[in-house]
Amino acid sequence: MNNPMQALAGAITEKFILAAPQKAAAALETLATHEVLLLISPLKAQVIISVLNVMQPPKAAAVLRRLPMRQASYILARMNVPQAAKLMQEFSVPYRERISAVLEPSFLQVLNGAVSYGEDAVGSLMQTDFVAVRTEIKLAQVIERLKNLPRKKIPALCLVTDKDGTLKGVLRPAELAFYAPSSVAGSVMSTSPSLHPADTLSHAREVFNETGVDALAVVDEKNVAVGILLRWQLPTEDKKTFWQKLTH
């Protein structure tokens, strides 16, 4: 395939994925792995994530492990946790060890625990692609970092952690304008309840209702930040969770 044709195929594939990720995944699953790679490897990470999230795990794992390690680890760490855990089980032992070596230990712990999450667990819905800043960072640096993000990627909540990733507080981007840019995150951060991956979604809903916030941090048993849950992610009675779709 020549470059103009490959570029056209990639553009068409991207539009297909963005419009109907599940149909795109089903179509890509019928192709050989090397053909899938030709179509998706040049695409933005978020587009690849959206299609691998709904692709059958054996095929998704075959595609992911043929991407460059840096790209593969970045994508895996931002996929839906239940799907990422399934892909880890599909990898060969040598590859699993290689990719585990470049993933954050806290994320690996989340993946290991994902097999025990119920379909009503926070861990089945939480986002692992979140913005975390250190307590000593100046707000001017935080603002600059947020400015460099695409508009759709600006978070509802920034987590404030120490050097070990332990959650210390939160910053809400909408409130940053009220503080001096020279202030450090640790001096202006606010406290907020947090959730654990094994918490039920009904418990999460209660916390959201009690606090009135739209986003909550998710931490492990050592209070290390591992994710974020948004209020709008909570399923309604007529909406199945992603985990339910995978297991039913």
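These are my notebook entries on a predicted model of a protein.

**Ground rules.** I number residues from 1 along each chain as its sequence is written, and I leave out hydrogens and water, using heavy atoms for side-chain values.

**Overall fold.** I looked up the secondary structure and found 13 helices and six strands. Both kinds of element are DSSP runs numbered from the N terminus, helices being H or I of at least four residues and strands E of at least two. I then checked the radius of gyration, taken over C-alpha atoms, against the globule rule of 2.2 Å times the number of residues to the power 0.38. The value is 19 Å, close to the 18 Å that the rule gives for 248 residues, so the protein is as compact as a globular protein of that length. The C-alpha trace spans about 55 × 40 × 40 Å along its principal axes.

**Burial and contacts.** I count a residue as buried under 20% relative accessible area, exposed over 50% and partly exposed in between, with a 1.4 Å probe and protein chains only. By this count 46% of the 248 residues are buried. For contacts I use heavy atoms within 4.5 Å. Of the contacts between residues at least 6 apart in sequence, 65% join residues at least 24 apart.

**The S4-S5-S6 sheet.** I traced an open sheet of three strands in the order S4-S5-S6, with mixed pairing; two strands pair if DSSP finds at least two bridges between them. Strands S4 (194-195) and S6 (225-230) are the edges, each pairing on one side only. S4 and strand S5 (residues 215-219) run parallel and are joined by two bridges. I noted serine 194, whose bridge partner in S5 is alanine 217.

**Cover on S5.** I asked how many residues of S5 are buried. The count is five of five. In a regular strand the side chains alternate between the two faces of the sheet. For S5 I list Ala215, Ala217 and Val219 on one side and Leu216 and Val218 on the other, all buried, with both faces covered.

**Threonine 236.** I located threonine 236 in the loop between S6 and helix H13 (242-247). Threonine 236 counts as partly exposed because its relative accessibility is 48%. I also looked up its separation from proline 57, 179 residues apart along the chain: the two C-alpha atoms are separated by 26 Å.

Key: This is a predicted model: local features need pLDDT of at least 70, side-chain atom pairs count only at pLDDT 80 or more; totals for chains, interfaces and linings use all residues.
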